[in-house]
Amino acid sequence: MNPVETLRSEHRTIGVALDILEAICRRIERNWTVENPEHIDALVDFLMNFADKGHHGKEETLLYPLLEDIRTAAEGNLIWRMMREHELGREFLRGVRRAMARCRDNDPEGPEMLVYMAMGYIGVTRRHMRSESAILQDMGEKRLTKTDMERLANSFEDIEKNWFGPDQYTAYQTVPTRLGRYYIH
Ligand SMILES: [Fe+2]
Ligand SMILES: [Fe+2]
């Protein structure tokens, strides 16, 4: 598959996970209880592995260095900004895990902390993916050569195979659809 399209399709999959996480937060806010902690655990696992390790891994090790080479002076600190947004997302996601631990310990502040961290993560990541998809369309499709695209596609496949167990990356893609049945109607 065209590697730019691969990344944009992954954005759509991650976007569904964010919609589910937001729906969960809205439910928690109704009475400040966490009803299905296993759903949040599954989403956090998906976001840490599929979104951060896999998708961000592809961007940080392969795509961004290429974009850095072809960016114009006017595009400034584009790559630095995108890396920083990944970092911010990671900080919020670590916060979600800490908040889940507090919820499990029946800490009364746990659910509020969980919603704060999750909504922070959702905001940063939605904005990031919107601007990144536009950059991909503009720079990726117009300025990367055919050879760049072929190399990217092959290296993406290597990451999927070597950084994950057999079929694990494909299996991760089904997580948002599976959980979506409970939250998105
Ligand atoms: Fe990104
Ligand atoms: Fe991305």
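The axes of α2 and α3 approach to within 11 Å and cross at roughly 165 degrees, where axes are lines fitted to C-alpha atoms, for helices over the stretch in contact, and angles run from 0 to 180 degrees between N-to-C directions. The model is predicted: local features need pLDDT of at least 70, side-chain atom pairs count only at pLDDT 80 or more, and totals for chains, interfaces and linings use all residues. Residues are numbered from 1 along each chain as its sequence is written, and chains are lettered from A and ligands numbered from 1 in the order in which they are written. Helices (H or I, at least four residues) and strands (E, at least two) are DSSP runs, numbered from the N terminus.

The α2 and α3 helices are therefore roughly antiparallel to each other; angles under 35 degrees count as roughly parallel, over 145 as roughly antiparallel, 65 to 115 as roughly perpendicular and the rest as oblique. Their crossing is left-handed, a term used if the near helix is turned anticlockwise from the far one by less than a right angle, with right-handed used if clockwise. On the α2 side the residues that meet α3 include Pro37, Ile40, Val44, Leu47, Met48 and Asp52, and on the α3 side the partners include Ile79, Met82, Met83, His86, Arg90 and Leu93. Two residues are in contact if their C-beta atoms, placed from the backbone, lie within 7 Å.

Met48 lies in helix α2. With 16 C-beta neighbours inside 10 Å, Met48 counts as partly exposed; a residue is buried if 20 or more other C-beta atoms lie within 10 Å of its own, exposed if 12 or fewer, and partly exposed in between, with C-beta atoms placed from the backbone. When neighbours within four places in sequence are left aside, Met48 is in contact with Lys53 and Leu93. Met48 and Glu87 are 39 residues apart in sequence, and their C-alpha atoms are 12 Å apart in space.

The axes of α1 and α2 come within 11 Å and cross at roughly 155 degrees. That makes α1 roughly antiparallel to α2, and α1 passes α2 in a left-handed crossing. The contact is made by residues of α1 that include Leu7, Ile14, Ala17 and Ile24, and by residues of α2 that include Ile40, Leu43, Phe46 and Ala51. For α3 and α4, the axes come within 8 Å and cross at roughly 155 degrees. The α3 and α4 helices are therefore roughly antiparallel to each other, and the crossing of α3 past α4 is left-handed.

Overall, the protein has seven helices and zero strands, in the order α-α-α-α-α-α-α along the sequence. The C-alpha trace spans about 55 × 40 × 30 Å along its principal axes. A compact globule of 185 residues would have a radius of gyration near 16 Å, and the 17 Å of the protein agrees with this; the radius is taken over C-alpha atoms, and the globule rule is 2.2 Å times the number of residues to the power 0.38. Of the 185 residues, 29% count as buried. Among contacts with a separation of 6 or more, 79% are accounted for by residues 24 or more positions apart.

The largest nonpolar core has 30 residues, and those with the most contacts inside it are Ala17, Leu43, Phe46, Val96 and Leu114. Such a core is a set of buried Ala, Val, Leu, Ile, Met, Phe, Trp, Tyr and Cys residues joined through C-beta atoms within 7 Å. Two or more residues are given to this core by each of α1 (3-31), α2 (37-70), α3, α4, α6 and α7 (175-183). Not counting residues up to four places away in sequence, Phe46 touches Ala17, Ala51, Tyr172, Val175 and Pro176. A second, separate core of six residues includes Ile79, Met82, Leu152 and Phe156.

Ile159 is found in helix α5 and is partly exposed, with 17 other C-beta atoms within 10 Å. Beyond its neighbours within four places in sequence, Ile159 is in contact with Gly54, Gly57 and Lys58.

Asn106, in the loop between α3 (78-104) and α4 (110-143), has a positive phi of about 60 degrees although it is not a glycine. Asn106 counts as exposed, with 7 C-beta neighbours inside 10 Å. Asp167, in the loop between α5 (146-162) and α6 (168-172), is likewise not a glycine and has a positive phi near 65 degrees. With 10 C-beta neighbours inside 10 Å, Asp167 counts as exposed.
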